[in-house]
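Let's take a friendly walk through the aromatic rings and nonpolar cores of this protein. Have the structure open as you read.

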Amino acid sequence: MKPINLLKKHAEFTKQWHPHQIAMVDDMQVLLAKLQGEFVWHAHEKEDELFQVLKGTLYVQFRDRTEVVREGEIIVVPKGVEHNPMTKDNEEVQVLLFEKATTAHTGNVTHEKTQTDYPKI
């Protein structure tokens, strides 16, 4: 039970699109990630996913629209909703993710960006 400095934790890694676990809350994991460019279209059939933008601007594409999520804002993607996070203009965006420990990184899709191990930092 100690405070976790998000800025210091983000400084511990450089790999993009590879979440790092900083805490567990019951069966939910708290993850940090660095995002740049476009991810992959996917959905999580059984889990919601929360993105909080700590630095930069995140664009979450849905099939019918794109939502802009700015620093200090969150967006919750409900289970089963296909989405594709992305950044623009080569910007690296830092996010905090909150999701069930059972959530697969790219949901129902296997892709070269898919991660199966989230390092604990």
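## Charges over rings

In this predicted model, the charged end of R63 sits over the ring of W41, 3.8 Å from the ring's centre. A lysine does something of this kind too: K34 lies over the face of F13, at 5.1 Å from the ring centre.

## The aromatic pair

How many aromatic pairs does a search of the whole structure find? The search turns up 1. The partners are W17 and F39, whose ring centres are 4.6 Å apart; their planes meet at 15 degrees, and since planes under 30 degrees apart count as stacked, so does this pair.

Where do the two residues come from? W17 belongs to the loop between α1 (6-10) and β1 (20-25), while F39 belongs to the loop between β2 (28-35) and β3 (49-55), so the pair ties together parts that are 22 residues apart in sequence. Buried or exposed, then? W17 has 7% relative accessibility and counts as buried; F39, at 9%, counts as buried too.

## The nonpolar cores

The largest nonpolar core is made of 18 residues, and L58, V60 and V95 have the most contacts inside it. Two or more residues each come from β2, β3, β4 (57-62), β6 (74-77) and β8 (93-100).

Leaving aside residues up to four places away in sequence, L58 touches L35, F51, V53, E67, V68, V69, P85, M86, V93 and V95.

There is also a second, separate core of 5 residues, with F13, I22, V30 and L32 among them.

How values were computed: Residues are numbered from 1 along each chain as its sequence is written. This is a predicted model: local features need pLDDT of at least 70, side-chain atom pairs count only at pLDDT 80 or more; totals for chains, interfaces and linings use all residues. Side-chain values use heavy atoms; hydrogens and water are left out. Rings of Phe, Tyr and Trp (its six-membered ring) pair if their centres lie within 6.5 Å; planes under 30 degrees apart count as stacked, over 60 as edge-to-face and the rest as tilted. Helices (H or I, at least four residues) and strands (E, at least two) are DSSP runs, numbered from the N terminus. Buried means under 20% relative accessible area, exposed over 50%, partly exposed in between (1.4 Å probe, protein chains only). A charge sits over a ring if NZ of Lys or CZ of Arg is within 6 Å of the ring centre and within 35 degrees of the ring normal. A nonpolar core is a set of buried Ala, Val, Leu, Ile, Met, Phe, Trp, Tyr and Cys residues joined through side-chain atoms within 4.5 Å. Contact means heavy atoms within 4.5 Å.
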